[in-house]
Structures are given as structure tokens and as C-alpha cells.
Amino acid sequence: VLINSNNQLLVEGELMDISQLKEGAKRFINNNGVREDLSENPEKAIISLQNDRGTAYKTYIRVQNELASAYNELRNESALEKFGERFIDLNKSQQKEIKKLFPQKISEAEPKNIGGDS
């Protein structure tokens, strides 16, 4: 996931609207080997995030929030399926079990000059 200096989101080199990022991230994380171009399974899924030095802080935070929201939704769906309760309502042991299924792995690279379409 790259954010260029024009605050445009590029996922695997393709433009994507931020409003589509959460669902795209969920598809990537929870692919379970169905598509070869997505993660093998949630435990191995790593999302790499890099932004341009000219990226607006507001955009950067919005992208971070969408990625975190993807993990939160996946954890909540899994908790409801496995325990019949929302993730936040689980005890510590149950939460740990769900977090093991969906570990939040977001790798952030140093900002660089990615540029944008000018």
C-alpha cells in the first residue's frame, strides 16, 4: 500500500479509493490461499504501508484507520462465529485466541519521495 504526494492510494501499483481499502485488506488477509496474488493465510498476511514525504497526515491516518478496521472486523466476525460474542466482549484468553488467528501485521516503511500524477 503506497500513498503518493497527491494523497492517492496505490495498492499493488493500482489506484484504489480509500473507501475500498478496508474491504480490499480483508480480502487480502482472509484469502486462505484461494487467490495466488493474495495472502496464503491470515497468520502470514503482512500489509506493507509506505507513504510519500508529501502525503497529508490526515490521509495517512485515514489509511491507518481503514487497515486497523479491517483487522477489527475480521476479529469480530471470527469471535461471533467461534464464541457467539463480539471480540470486545470476549475474555482475555478468548481474545488472545482470535488475535492468534488474525495477528495485525502492518509493516511501515520510511517515507520517501514516491511522487504522484502531476
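**Helix packing and a pocket: a short tour**

Hi everyone, let's start with two helices: the axes of α1 and α2 come within 8 Å and cross at roughly 50°. That angle makes α1 oblique to α2, and the crossing is right-handed. Before going further, please keep in mind that this is a predicted model.

Who takes part in that contact? On the α1 side we have L21, K22, E23, A25, K26 and I29. They meet V63, E66, L67, S69, A70, Y71, E73, L74 and E77 in α2. If you sort the contact of α1 with α2 by class, you get eight nonpolar residues, six charged ones and one polar.

Now let's follow α2, which covers residues 57-83, to its meeting with α3, residues 92-101. Their axes come within 10 Å and cross at roughly 125°. So α2 is oblique to α3. As for handedness, α2 passes α3 in a right-handed crossing.

From α2, the residues making this contact are R75, S78, A79, K82 and F83. From α3, they are Q94, E97, I98, K99 and L101. By class, the contact of α2 with α3 has four charged, four nonpolar and two polar residues.

In case you are wondering why I keep quoting two values, here is the background: a pair of packed helices is described by the angle between their axes and the distance between the axes.

How much space lies in the largest pocket? The answer is about 360 Å³. Its lining has 15 residues, and those nearest the centre of the largest pocket are V11, E12, G24, F28 and L38. Two elements give two or more residues to the lining, namely α1 (21-29) and β4 (47-51). Which of the elements gives the most? That is α1, with five residues. By class, the lining of the largest pocket divides into nine nonpolar, four charged and two polar residues.

Leaving aside residues up to four places away in sequence, I46 touches F28, K105 and S107.

Methods:
Residues are numbered from 1 along each chain as its sequence is written. This is a predicted model: local features need pLDDT of at least 70, side-chain atom pairs count only at pLDDT 80 or more; totals for chains, interfaces and linings use all residues. Side-chain values use heavy atoms; hydrogens and water are left out. Axes are lines fitted to C-alpha atoms, for helices over the stretch in contact, and angles run from 0 to 180 degrees between N-to-C directions. Helices (H or I, at least four residues) and strands (E, at least two) are DSSP runs, numbered from the N terminus. Angles under 35 degrees count as roughly parallel, over 145 as roughly antiparallel, 65 to 115 as roughly perpendicular and the rest as oblique. A crossing is left-handed if the near helix is turned anticlockwise from the far one by less than a right angle, and right-handed if clockwise. Contact means heavy atoms within 4.5 Å. Ala, Val, Leu, Ile, Met, Phe, Trp, Tyr, Cys and Pro count as nonpolar, Asp, Glu, Lys and Arg as charged, and the others, Gly among them, as polar. On a 1 Å grid over the protein atoms alone, a cavity is a set of points where a 1.4 Å probe fits but cannot get out, and a pocket is an open set with protein on both sides within 12 Å along at least five of seven lines; lining residues have an atom within 4 Å of a point. Grid points are joined across faces, edges and corners, and a volume is the space filled by probe spheres set on the points.
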